[in-house]
Amino acid sequence: MADSLSLDGLIETTSHPQEQPQQNGTTTSPTLASPLPPTTKPTQLPDGEWTPETVLSTLPERPVTDSSSPVPFFHALTLLKTTPREGWRRFGIHAGESIADHMYRMSIITLLCPPSLAATLDIPRCTRMALVHDMAEALVGDITPIDGVSKPEKSRREGETMDYLCEGLLGRVGGGVAGEAVRSVWQEYEDGVTRESVFVHDVDKVELLLQMVEYEKAKGGELDLGEFAWVAKRIVMPEVKEWAEEILAERKKFWEGKDQVPGGIKSVNGEAELSEERKAQQDEYYGEDKVVNGGVAVDDTN
């Protein structure tokens, strides 16, 4: 393999795999191919035009629908393993974490919920929520704030994808009970009203901060990902804020060792560091800051 298996190797800019010659002179395509043609990016489509079929029509072999077996659904999940998280790619990290990588670490983090907080939560439900919260990205992809896709359009695409996964692929599996359960816990995360969903949203941000620091360290201080540090100020639950503060203190110590002041410090402290355009994109994507009433997020912008 051309790329190192270290994190530093993953950060290097890589091109798409090329066909490899064999001894008999023929060529073979890479084993793992992108689920989309290189000239097609779903986020480029106008609002209302994207459907799950946009992606399904490009797959070499699409999952069988209306099956009583969950195996077609199992195959569909491979797209979560092979689809990268897009936010890092703008910084030259082209072979970094996948959507599945992100959800897996989140699920483990929920199991380490501080006892004082765990006593008030349904932790098994939180873990299930972490495991499925980005499941729609198997077809939708990881849409980021700068992609120009409105929040309502993003929600529409993800909702239609979850209908396809939970009804089209799981609707006849065990009477559809499992599919309904997956759809329910996904929707709970999207609504962001219950304490469990607020906790998992916070964990989502902590996982982002962890990955940010890990990529910066892997690059030896040559890569400043401070643009992502602002998510720390949107964490709601005090126990999770403590984790974020520890991660950011670790980051500060790392950069001090490099005699540098990284980006993101002002944004975490509530000062304006992002451009007005970028801040507007972030607010559109994540919603305005919310206040907490009894540990449950309440939209205070109306």
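**Salt bridges, rings and a helix**

Both Glu 158 and Lys 154 are buried, where buried means under 20% relative accessible area, exposed means over 50%, and partly exposed lies in between, with a 1.4 Å probe and protein chains only. Before I go on, this is a predicted model: local features need pLDDT of at least 70, side-chain atom pairs count only at pLDDT 80 or more, and totals for chains, interfaces and linings use all residues. Residues are numbered from 1 along each chain as its sequence is written, and side-chain values use heavy atoms, with hydrogens and water left out.

Back to that pair. Glu 158 and Lys 154 form a salt bridge, with the closest N and O atoms 2.9 Å apart. A salt bridge here is a side-chain nitrogen of Lys or Arg within 4 Å of a carboxyl oxygen of Asp or Glu. Because they are four residues apart in helix H9, Glu 158 and Lys 154 are separated by about one helical turn. Helices are DSSP runs of H or I with at least four residues, strands are runs of E with at least two, and both are numbered from the N terminus.

Helix H9 also holds Arg 156 and Glu 153, three residues apart, about one turn of the helix. Their salt bridge has its closest N and O atoms 2.8 Å apart. Glu 153 counts as buried, at 5% relative accessibility, while Arg 156 counts as partly exposed at 24%. A network of salt bridges links Glu 153, Arg 156, Arg 157 and Glu 160.

How many salt bridges are there by this rule? The count comes to 15. Another one of them joins the side chains of Glu 86 and Arg 89, at 3.2 Å from N to O. Glu 86 is partly exposed at 23%, and Arg 89 is partly exposed at 27%.

Now the rings. Searching the whole structure finds four aromatic pairs. Rings of Phe, Tyr and Trp (its six-membered ring) pair if their centres lie within 6.5 Å; planes under 30 degrees apart count as stacked, over 60 as edge-to-face, and the rest as tilted. Trp 88 and Tyr 215 have ring centres 5.2 Å apart and planes at 75 degrees, so this pair is edge-to-face. Trp 88 sits in the loop between helix H4 (78-82) and helix H5 (99-111), and Tyr 215 in helix H11, so the pair ties together parts that are 127 residues apart in sequence. Trp 88 is buried at 2%, and Tyr 215 is buried at 1%. Phe 254 and Trp 255 form an edge-to-face pair, 5.5 Å centre to centre with 75 degrees between the planes; both are buried. Ring pairs also link Trp 88, Phe 91, Tyr 215 and Phe 228 into a cluster.

On cysteines, the structure holds zero disulfides, a disulfide being a pair of cysteine sulfur atoms within 2.5 Å. For Cys 126, the nearest cysteine sulfur is that of Cys 113, 6.9 Å away. Cys 126 counts as buried at 0%, and Cys 166 is buried at 5%.

Last, helix H10. Its buried residues are Gly 179, Val 182, Arg 183, Val 185, Trp 186, Glu 188 and Tyr 189. They pack against helix H7 (123-132), helix H9 (151-169) and helix H11 (195-218), with contact meaning heavy atoms within 4.5 Å. Just after H10, Gly 192 takes a positive phi of about 60 degrees.
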